[in-house]
Amino acid sequence: MSTDPQADTAAAQDPAAPKAEPSAAAEAAPGPASTEDAHEPGPAEGAGGAESHAAAEGEAGDGGPVAEPPVSGGGGEGDGPAGAESRPDAVGQASPALNEAQAELAAQKIERERIARRKAEREGPVEAGAKLSGKAADLLAAVRAVEGGANPPAVYFDEAPAAPRRAPAAPPAPRSTTPAPATAPSADAVDTVRTVLARGGAPETLAAPAAAALGEDAAGQLAENPWRLLSVPGVRPTQADGFARALLGSEAGPGDERRTTVLVGWLLTQAGLKGHTALEAPVLEKALAQYGVPAPADALEQAIAEGSVLVFHEPLGPPVGEDEEQPVRVVVGLEGAAMAEESLADGLARLAAGTFDASADADWERAAAAAPSPSAAELIRTVASHGLVTHTGGEAARAEPFALAAAARELGLRVCLAAHAPGGPDAVTVAGLLAGAEGPGRDADGQFALDLFVVLDAPQLDVETAAALVESVPDGARLVLSGDPGVLGSAGAGRVFGDVLAARTCPQLVSRTPDPGPLGELVSGVGIGELNQVEAPGKEVVIVPVQDAGEAVHRAVQLVAESVPRAFGIPADSVQVITPGHGGSAGTRALNAALKERLNPGPGRFGGFDPGDRVVHVPSAGRALPARVVSADAEGLHLDRAGARIVVPKDLVESQVRHGWAVTAHQAVGTRWPAVVVVLPGDAAQALSRDWVYTAFGRGERHLSVVHGVDQALPRAVAEVPAKPRTTRLTGLLTALATAGRQPE
């Protein structure tokens, strides 16, 4: 590993040059780890910082008498296109009124005056709203914060208890894997909501999202229970409190059952954004108390009695005698996550119980004998006789599921491999498969027409997605869940892969194929909490010390545009920059502005974008798809994504498209590039964790440059900051099903 003390002499410029002595920070042990934007889940990023994403991005302040409790960072979640994360942003701040495209341009000093004019023109229609004050201004600012990509922060859920265990009741009815189509609220519904909002002093901008969230009778619901306004993304409890006081007067107290019931659901929703599928009752009660609820335990009981949330008693420890009382942990969750988790557990148990014709054993053994590696052969042999298998390993081990698929096809089986991100001609994407746009068709029963289903990037599965996939796998088929457990977790709720591994109810294969070279050695060390000094004679790993964020941006641009292309023959378009957050002086916005100015300067005439701009398209949370801008017209922004032309509707550009020369680690997961530049500015130290560093450092195939400005925070994060735990129920459900020997109906 070499150290680059000067930008102009970056070691990457001359791979044959003698290796420089590493800096003290580089030598120290472990490497970087963290979560995006501290929550980068928006389009999905990140992880745990100490300040909330909403606050960092300029979210509106408190609007009620109860002060907003502090928000702690962390939890795993996914990345959104405009930085709309479910986790708090620990890096940088931005004006709440700026949209994502404007935020990108704001960093370009030469465009500041033009941006101001565009902003005035675009926001002209709501100028009157800008003159609101008090709770109305707070609500309007909250809406703009969401529209601009600043998600509301999640709270209280960093100290998540270990995955609870519980013997499930009867299996739930099968869930539909096709979501109901969203219907826009009628004009009359929006108008009536607007009237109610006006009575409470809330900005009319909330009318459409409130009607969409609550349905045609939204006005009646808000009049009866003003706290239902929390159903609108971006609205905080203190802001809903102000709205309720305006409508109800003295009736609007902190212990009002209407308020406390809504708060319970809202807190669980925020926990879901941080990856939890349920919360322990004491955690919820503590959160309710911090929002001023006078009797938190009673409030929780009321919410349970009304059926707005579900309660589960998870057995703790081994079973006890008949005359003894089994210790339990009480966890509470929302119906959607609970049903998904139980359906997933039943589906996995169903597949694990499958039996297979022994007459084909000889064919499978011949296929194993011809496998390209011992680990691939072991995987083939195991899958031959088991319906559910897990497979773990690094990037090199990714070849083993492909070898399995090839062998199964030779045996005449119908095979499908699905990955989180586009992964080549032999694999489809999970999203494309569920949408019916890729992969095998479905049979008359709605299940996939396949015999072997291999899911790559399994750590990126949330419970809803995993349940939809497993429910679609027919009886008698085999399922392989494969992935690297060290990478960042899913953008959505759940810890599917980790929970299946923890349950130990199916064969688990650990690849013995190591990731090669200095990069493989470095990343493997990070995975076990060590930031090792590695020998990199070909300058595969370069450390570039910097003193401040400005120097970090300068060095990153130099590496991408000059040093790496000159030293390794890798074009700038194949070099990816990764940084912990969107905001801040060296976040993705600042880096993308500098990189655009150097690599594709232009006025940003298409909503902040120009033809040739490198972007990421985020059609849903946790999916960041690299693309390039082609053109724009009345229909929307035209992108080229790996040769396929797509059009992002004009009204979705700001929320789904952002510049992509620099991304967060959550956006990068599942994809690799020939060269990667990881930028660690000093203000990102609190956002680092082992899984973040492991993910970011592992994205490079041939070269990794680390622009290092966090000093000892990097080795400390690798050694001492593991991935934040998520409260889930899947491990306990699987264990109970295996113990009972019960198969789902």
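**Notes on a helical core**

1. Touching, or contact, means heavy atoms within 4.5 Å. Keep in mind that this is a predicted model, where local features need pLDDT of at least 70 and side-chain atom pairs count only at pLDDT 80 or more, while totals for chains, interfaces and linings use all residues. Residues are numbered from 1 along each chain as its sequence is written, and side-chain values use heavy atoms, with hydrogens and water left out.

2. Leu284 and Val264 are among the residues with the most contacts inside the largest nonpolar core, which has 44 residues. Such a core is a set of buried Ala, Val, Leu, Ile, Met, Phe, Trp, Tyr and Cys residues joined through side-chain atoms within 4.5 Å; buried means under 20% relative accessible area (1.4 Å probe, protein chains only). Helix H11 gives the largest share of this core, 7 residues. Helices here are DSSP runs (H or I, at least four residues), numbered from the N terminus.

3. How do H11 (residues 257-273) and H13 (residues 296-305) meet? Their axes, lines fitted to C-alpha atoms over the stretch in contact, come within 9 Å and cross at roughly 80°. The two helices are therefore roughly perpendicular (65 to 115 degrees, between N-to-C directions). Glu257, Thr260, Thr261 and Val264 of H11 meet Ala299, Leu300, Gln302 and Ala303 of H13.

4. Now for the cysteines: Cys416 counts as buried because its relative accessibility is 4%, and Cys506 counts as buried at 12%. The structure holds 0 disulfides (pairs of cysteine sulfur atoms within 2.5 Å).

Methods
Axes fitted to C-alpha atoms, helices over the stretch in contact; angles between N-to-C directions. Parallel < 35°, antiparallel > 145°, perpendicular 65-115°, else oblique. Buried < 20%, exposed > 50% of the residue type's maximum accessible area, 1.4 Å probe, protein only.
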